[in-house]
Amino acid sequence: MMAIHSPFRSRRSMLFIPLPFVVAVLLLILFVVVLRRDEEGEPNRPFLVLILLSVLQSILSGLRWGYGVQVVGVIAPVIAAMVPPLAYAGVSTLVRTSRRPLPARIALHAVPAAVILLLMVFWREAIDIALVLIFVGYALAILLLMRPGADALRLAPFEGAVPAYRAIIFAAAALCLSAAVDAFVFFDFTWAHGEHALTLISVGNLVALVILGIAAAAASRSRAPDEMVETAPRPETTEDRETIATVDALMEAKKLYRDANLNLDRLARKAGIPARQISAAINRTMDKNVSQYVNDYRVGEACRLLAGTEKPVTEVMFEVGFQTKSNFNREFRRVTDMTPVAWRQRKAEG
């Protein structure tokens, strides 16, 4: 404790002090951007709260390890225990609609924070280990939800399924990183009297908070990676062919792909077929995921419009169901090996 007044420790603190607060400001700006972006649609509230909680965590980290305000250590573990349940709740809103009533869901996700509160009263030495278990446990639970790949995101629009999927994986990785940092800090205080704790926390936890905040923002916007398509598909069945025929007929007749907010859950309701059955049939029969299947229809109509009309590329993009130029170009190139502009020019020359 006496060493805190040494010139070396003072210089190191001066370098450390601004960092958590800079991270907090950046995360707060990210929150405002996400809030404005989601004004027109239903926001993913757990992810929004998660970003705000990351802001609070960063501020508390700066106060405790930068200014030596030890009183924040009383609430910091409880705040930390709320992060993994919020990440899981945000993912759950994209994966499925919970059958539990809202009070039951709140009570369930409040259990980790309640456990930490009890440990603070009766067994403070176990708090760090409990936090590590909570973070790792929820990270594994999130990864289990995402086992089917982007097709697990039944409530996420098809266009945003891939970015959301990747962001969720990054969020799970951030939870594991935070757990690893907490474990290292615990062992550092046990064996080295906290000699390396400041560096570990100032770098590791802040990196985890930034990754988690950005991942939550990206996932809230909500194509699985090509490698997530079943690598060893089972032989297609008669039921698969009937399912594909039904969905194909619906796409042709109703032009459902033009709906920019179309997702697997909505497609399943329109077709009267379980979402899992549609996903499995498309995976086995076509060797692609549902997002790619829907985007194939969008690109197909875009090709017809680009060749048969003078409509601007952007207008065509919106008309067929895409919302962003980057995703439109990526999917168009996946299907045709060309950009929309190059494809139109080639058709005009031909």
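**Burial, cores and one arginine**

Author: Of the 350 residues in the protein chain, 47% count as buried, where buried means under 20% relative accessible area, exposed over 50%, and partly exposed in between, with a 1.4 Å probe and protein chains only. The model is predicted, so that local features need pLDDT of at least 70 and side-chain atom pairs pLDDT 80 or more, while totals for chains, interfaces and linings use all residues. Residues are numbered from 1 along each chain as its sequence is written, and side-chain values use heavy atoms, with hydrogens and water left out.

Reader: What makes a set of residues a nonpolar core, and which residues have the most contacts inside the largest one?

Author: The name applies to buried Ala, Val, Leu, Ile, Met, Phe, Trp, Tyr and Cys residues joined through side-chain atoms within 4.5 Å. The largest such core has 41 residues, and Val91, Ile116, Ile142, Met146 and Leu153 have the most contacts inside it. Helices H3 (45–66), H4 (76–95), H6 (111–122), H7 (127–145) and H8 (161–192) each supply at least two residues of this core, and H4 gives the largest share, twelve residues. A second, separate core holds 21 residues, including Leu250 and Ala271.

Reader: Why is arginine 304 called exposed?

Author: Its relative accessibility is 53%, and arginine 304 therefore counts as exposed, the cut-off being over 50%. Arginine 304 lies in helix H13 (residues 290–308), a helix being a DSSP run of H or I with at least four residues, numbered from the N terminus.
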